[in-house]
Amino acid sequence: MHSDDPFAKRWVGAELMDDPACDERMLFRTLDQFVYINRLVSRYRSILARYVLRDMAREPGRAYRLLDLGSGGCDIARWLLRAAARRRLNVDVIAVDSDPRAVAYARARGTPAGLKIEQADLLEMDRFGPAEYVFCNHVLHHLPDELLPRAIGLMDRTATRAWIASDLLRSSWSYAAFHLLSPFLRDSFSFEDGKRSIRRGFRPPELLAAALAAAPRAAIRIERLAPGRLVLLGVHP
Ligand SMILES: C[S@@+](CC[C@H](N)C(=O)[O-])C[C@H]1O[C@@H](n2cnc3c(N)ncnc32)[C@H](O)[C@@H]1O
């Protein structure tokens, strides 16, 4: 049956920041703005507090490792290290990004104790594992449909305790609401790529189907969070 909903299917085009020839100054401004976009909409602090820090606190004396896939400027990794230190938890974060410019940007902002920043495709994540936790924020939507099960399967095999993928719900409401941010996202790819990202985002059954096929060992859950977010979670008993 024909659907009139322009968001019924994932959009297949690329984001501007994924072009290796894109303007570096605009890319760095985009990574600068991710700090604020993440704080405003991605809910990463409550997600990591709930699914990672709380789990670590069950055995507070242990040393933990978390892989942050598609880590961009590493603002999330830095926050996690600070939040863990405040709780006297011991975690190392390996931040993996395939874009050498994002890796250079993140390294230039400093590498606190416990943070390692590596350039690699997330499909090579097993080079950096095993890790108790594997996390990614706003990264799965960069992948084409056919790579999703492989990426999720690898997250499942690399994580010994839990893996968490936080991403965007594909909806006309999110797309319209995102336009409110346009005055704050100038001189960067953030606004155009934000719109493209929402069109490349997911509906819950799509992520769930990929996860159930790829990660049969894990207890899998998907949650919707405001504003316009999906959190896919796999936990190993
Ligand atoms: C939208 S940004 C998100 C960055 C960061 N996670 C955040 O929330 O601020 C997506 C990042 O994923 C990286 N990326 C895209 N595809 C990737 C892949 N196949 N492997 C590793 N990194 C990838 C990009 O280079 C970019 O830095």
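Trainee: In this predicted model, are Tyr44 and Trp79 buried or exposed?
Mentor: The structure is a predicted model, and the class follows from relative accessible area, with under 20% as the cut-off for buried and over 50% for exposed. Tyr44 falls in one class together with Trp79, and that class is buried.

Trainee: How many aromatic pairs are there in the model?
Mentor: Two rings are taken as a pair if their centres lie within 6.5 Å. When this rule is applied, the number of aromatic pairs comes to five.

Trainee: Which geometry does the aromatic pair of Tyr44 and Trp79 have?
Mentor: The ring centres of Tyr44 and Trp79 are 5.8 Å apart, and their planes make an angle of 80°. Since planes over 60 degrees apart are classed as edge-to-face, the pair of Tyr44 and Trp79 is edge-to-face.

Trainee: How many residues apart in sequence are the parts that Tyr44 and Trp79 tie together?
Mentor: Tyr44 belongs to helix α2, which covers residues 44-56, whereas Trp79 belongs to helix α3. The pair therefore ties together parts of the chain whose separation in residues is 35.

Trainee: Which helices hold the aromatic pair of Phe178 and Phe191?
Mentor: Phe178 and Phe191 form a stacked pair, with 5.6 Å from centre to centre and 15° between the planes. Phe178 is buried at a relative accessible area of 12%, and Phe191 is buried at 18%. The two residues are 13 apart and link distant parts of the chain, namely helix α6 (residues 172-178) and helix α7 (residues 190-200).

Trainee: Which residue's backbone oxygen does the side chain of Arg101 reach?
Mentor: Arg101 lies in helix α4, residues 100-108, and it counts as buried because its relative accessibility is 13%. At 3.1 Å, its side chain reaches the backbone oxygen of Pro20.

Trainee: Which elements give two or more residues to the shell around the ligand?
Mentor: There are 19 residues around the ligand, and among those that come nearest are Asn38 and Asp97. By class, the residues of this shell divide into seven nonpolar, eight polar and four charged. The elements that give two or more residues to it are α1 (24-42) and α3 (75-86).

Trainee: With which strands does β7 pair in the antiparallel sense over seven bridges?
Mentor: Strand β7, residues 229-235, is mostly covered, with six of its seven residues buried. Its Leu230 stands opposite Asp167, while its Val231 stands opposite Glu223. The antiparallel pairings, each over seven bridges, are with β5 (residues 159-168) and β6 (residues 219-225).

Trainee: Which residue in the turn of the β6 and β7 hairpin has a positive phi?
Mentor: The hairpin of β6 and β7 has three residues between its strands. In that turn, the residue with a positive phi, about 65°, is Gly228.

Technical notes
Residues are numbered from 1 along each chain as its sequence is written. This is a predicted model: local features need pLDDT of at least 70, side-chain atom pairs count only at pLDDT 80 or more; totals for chains, interfaces and linings use all residues. Side-chain values use heavy atoms; hydrogens and water are left out. A residue is near a molecule or strand if one of its heavy atoms lies within 4 Å of it. Helices (H or I, at least four residues) and strands (E, at least two) are DSSP runs, numbered from the N terminus. Ala, Val, Leu, Ile, Met, Phe, Trp, Tyr, Cys and Pro count as nonpolar, Asp, Glu, Lys and Arg as charged, and the others, Gly among them, as polar. Buried means under 20% relative accessible area, exposed over 50%, partly exposed in between (1.4 Å probe, protein chains only). Two strands pair if DSSP finds at least two bridges between them. Rings of Phe, Tyr and Trp (its six-membered ring) pair if their centres lie within 6.5 Å; planes under 30 degrees apart count as stacked, over 60 as edge-to-face and the rest as tilted. A polar contact is a pair of N or O atoms within 3.5 Å; within protein, one must be able to donate a hydrogen and the other to accept it, and residues adjacent in sequence count only if both atoms are side-chain atoms.
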